[in-house]
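Subject: Structure for your review

Dear colleague,

Please find the structure below, followed by an account of what was found in it. I would be grateful if you could read the two side by side.

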Amino acid sequence: MTRILVAVDGSPYALEAVRHTVALVRSGLRATVVLAQVQEEASFLELATQDGDAIANAAMEAGAHLAAPAVVELQLADVPHEVEVALGEPAPTLVDMAERLQCDQIVIGARGMGALRGALMGSVSQYVLKHSPMPVTVVKPRVDEARDVLGEEGAQVMADGVTPLSIQAGL
């Protein structure tokens with residue numbers, strides 16, 4: 001059975017990646033899903049002034065909370081899944097998790113916002129796409145959602161008649 005790691009961060013883009021994965025399963029792909037949520041580790045200042053274990057526990061609880069909407073989507077679709085929450089730098093941690101958990105593929109939502117309004121993919125999805133040894137599907141937001149985030153001009157860049165749009169690498 002195929003193992004698909006789906007990165008979730010509580011954003012609508014991550015939920016779009018979950019929905020894309022559900023569509024793959026509904027189309028006949030036999031797969032189990034690993035919902036991966038990464039919390040950034042506490043800073044040195046936080047660790048020096050607060051209880052490190054309490055900070056780590058709060059981060060793990062926050063990760064589970066952010067994954068909850070994705071869990072509901074998978075439960076409603078009756079897709080087998082598990083949730084993994086990790087601490088670390090999000091992009092490399094996602095790649096490491098996928099390898100450690102022996103996943104066959106990564107699905108990640110593109111982040112249509114950033115410093116440059118026209119940027120279509122966020123830095124985490126770009127890093128995963130570049131560094132993953134397994135196939136990666138980056139699910140872009142639907143054109144109407146992109147219009148809300150990127151404006152009309154940015155949405156036109158994305159518009160090619162297919163929603164959601166995806167970029168696949170490593171195949």
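**Overall fold**

Of the contacts (heavy atoms within 4.5 Å) in the protein with a separation of 6 or more, 76% join residues 24 or more positions apart. This is a predicted model, in which local features need pLDDT of at least 70 and side-chain atom pairs count only at pLDDT 80 or more, while totals for chains, interfaces and linings use all residues. Residues are numbered from 1 along each chain as its sequence is written, and side-chain values use heavy atoms, with hydrogens and water left out.

The protein has six helices and six strands; these are DSSP runs numbered from the N terminus, with helices being H or I of at least four residues and strands E of at least two. Along the sequence they follow the pattern β-α-β-α-α-β-α-β-α-β-α-β. Of the 171 residues, 44% count as buried, where buried means under 20% relative accessible area with a 1.4 Å probe and protein chains only. The protein exposes about 9100 Å², of which carbon and sulfur atoms supply 52%; accessible areas come from the Shrake-Rupley method with a 1.4 Å probe, and for residues only the protein chains shown count as cover.

**Pocket and cavity**

Rolling a probe the size of a water molecule over the atoms shows where empty space is left. The search ran on a 1 Å grid over the protein atoms alone: a cavity is a set of points where a 1.4 Å probe fits but cannot get out, a pocket is an open set with protein on both sides within 12 Å along at least five of seven lines, and lining residues have an atom within 4 Å of a point. Grid points are joined across faces, edges and corners, and a volume is the space filled by probe spheres set on the points.

The largest pocket has a volume of about 400 Å³. Its lining comprises 21 residues, of which Asp9, Pro90, Ile108, Arg111 and Val124 lie nearest the centre. Two or more lining residues come from each of helix H1 (12–26), strand S2 (31–39), helix H4 (90–100), strand S4 (105–109) and helix H5 (123–131). By type, the lining of this pocket divides into twelve nonpolar, six polar and three charged residues. Here Ala, Val, Leu, Ile, Met, Phe, Trp, Tyr, Cys and Pro count as nonpolar, Asp, Glu, Lys and Arg as charged, and the others, Gly among them, as polar.

The structure also holds one cavity of 30 Å³ or more. The largest cavity has a volume of about 40 Å³, and the residues lining it include Val8, Gly10, Leu15, Leu66 and Pro69. H1 and helix H3 (52–76) are the elements that give two or more residues to this lining, and H3 gives the most, with four. The lining of the largest cavity has eight nonpolar, two polar and no charged residues.

The buried residues of H4 are Pro90, Ala91, Thr93, Leu94, Val95, Met97 and Ala98. They pack against strand S1 (2–7), S2, strand S3 (81–87), S4 and H5. After H4 comes Gln102, with a positive phi near 55°.

Val95 is also touched by Ser132, as is Ile106, not counting residues up to four places away in sequence. Ser132 is found in the loop between H5 and strand S5 (136–139) and counts as buried because its relative accessibility is 12%. A polar atom of the Ser132 side chain lies 2.9 Å from the backbone oxygen of Met134.

Gln37, in strand S2, is buried because its relative accessibility is 2%. A polar atom of the Gln37 side chain lies 3.4 Å from the backbone oxygen of Val8. Not counting residues up to four places away in sequence, Gln37 touches Val8, Asp9, Gly63, Leu66, Glu84, Val85 and Ala86.

Gly63 lies in helix H3 and, at 0% relative accessibility, counts as buried. Leaving aside neighbours within four places in sequence, Gly63 is in contact with Gln37, Gln39 and Val85. The C-alpha atoms of Gly63 and Gln39 are separated by 6.3 Å, although the two are 24 residues apart along the chain.

With kind regards

Notes
Buried means under 20% relative accessible area, exposed over 50%, partly exposed in between (1.4 Å probe, protein chains only). A polar contact is a pair of N or O atoms within 3.5 Å; within protein, one must be able to donate a hydrogen and the other to accept it, and residues adjacent in sequence count only if both atoms are side-chain atoms.
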